[in-house]
Amino acid sequence: MRKDWDTYFLDIAYMASTRSQCSRRHVGAVLVKGKKLLGTAYNGAPMGVPDCSEAGCMIVEEYELAPVDGEEKLVKKQRCVRTIHAEQNLLLFTDLHDRDGATVYVTDQPCWTCANMLANSGVKEIVYHRSYPKDAEKVEKLMDQLGIRFRRLEPYTPPPGVPTERVTS
Ligand SMILES: [Zn+2]
Ligand SMILES: [Zn+2]
């Protein structure tokens with residue numbers, strides 16, 4: 001069966017995510033306008049310095065609110081901060097002119113910082129697959145305020161052979 005455009009571009013985002021060298025999280029993002037692919041990106045260390053596969057992840061521990069047995073509790077979480085997020089790399093390597101009115105397909109629901117940057121980038125639509133509940137509420141509110149279409153593609157199955165398990169907490 002022929003793939004629809006949403007599936008096609010999210011598949012490409014997943015292919016981009018396989019370039020990531022962070023063992024904790026593989027995220028891919030692509031910029032699309034008028035069914036044309038204008039950029040691809042994944043999470044990674046800045047060019048010219050060792051990445052997570054060479055230098056190990058750069059772990060920070062933070063407490064964040066998370067639901068535990070139906071109650072909001074402070075839970076200690078670990079994150080790797082070595083990498084530039086896929087969405088941020090996408091913004092670094094695309095033109096404002098190309099982004100104007102474009103759509104971003106991203107494997108994971110953007111974190112707050114990425115969402116905030118995307119909101120100011122000219123894009124008019126964001127399509128993601130895996131949810132990221134931590135920041136979902138404020139991100140959805142922001143997109144709503146700005147009239148940016150924000151949707152999860154479902155049902156959707158990533159391309160075969162692409163590792164999709166999330167190692168991160
Ligand atoms: Zn890492
Ligand atoms: Zn992010």
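Author: K35 counts as exposed because it has 9 C-beta neighbours inside 10 Å. The cut-offs go like this: 20 or more other C-beta atoms within 10 Å of a residue's own means buried, 12 or fewer means exposed, and in between is partly exposed, with C-beta atoms placed from the backbone. Bear in mind that this is a predicted model, where local features need pLDDT of at least 70 and side-chain atom pairs count only at pLDDT 80 or more, while totals for chains, interfaces and linings use all residues. Residues are numbered from 1 along each chain as its sequence is written, and chains are lettered from A and ligands numbered from 1 in the order in which they are written.

Back to K35: it isn't a glycine, yet its phi is positive, about 65°. You'll find K35 in the loop between β1 (28–33) and β2 (36–42). Strands are DSSP runs of E, at least two residues, and helices are runs of H or I, at least four, numbered from the N terminus.

D69 is another non-glycine with a positive phi, about 50°, in the loop between β3 (59–68) and β4 (71–80). D69 is exposed, since 5 other C-beta atoms lie within 10 Å. Most residues other than glycine have a negative phi, and most peptide bonds are trans. That brings up E154 to P155, where the peptide bond is cis, with omega near 0°. P155 sits in the segment after β7 (149–152).

Now for the surroundings. The protein chain has six helices and seven strands, and buried residues make up 32% of its 169 residues.

One more spot deserves a look. UniProt, in an unreviewed entry, puts a "binding site" at H85, C111 and C114. These three are spread over 30 residues of sequence but cluster in space, with a largest C-alpha distance of 9.1 Å. UniProt positions follow the numbering used here, feature names are shortened, and annotations may be inferred rather than shown by experiment.

C111 lies in the loop between β5 (103–108) and α5 (112–119) and is partly exposed because it has 18 C-beta neighbours inside 10 Å. Leaving out neighbours within four places in sequence, C111 is in contact (C-beta atoms, placed from the backbone, within 7 Å) with H85, Y132 and D135. C114, in helix α5, is buried, because 27 C-beta neighbours lie inside 10 Å. Not counting residues up to four places away, C114 touches H85, E87 and Q88.

Definitions and conventions: Two residues are in contact if their C-beta atoms, placed from the backbone, lie within 7 Å.
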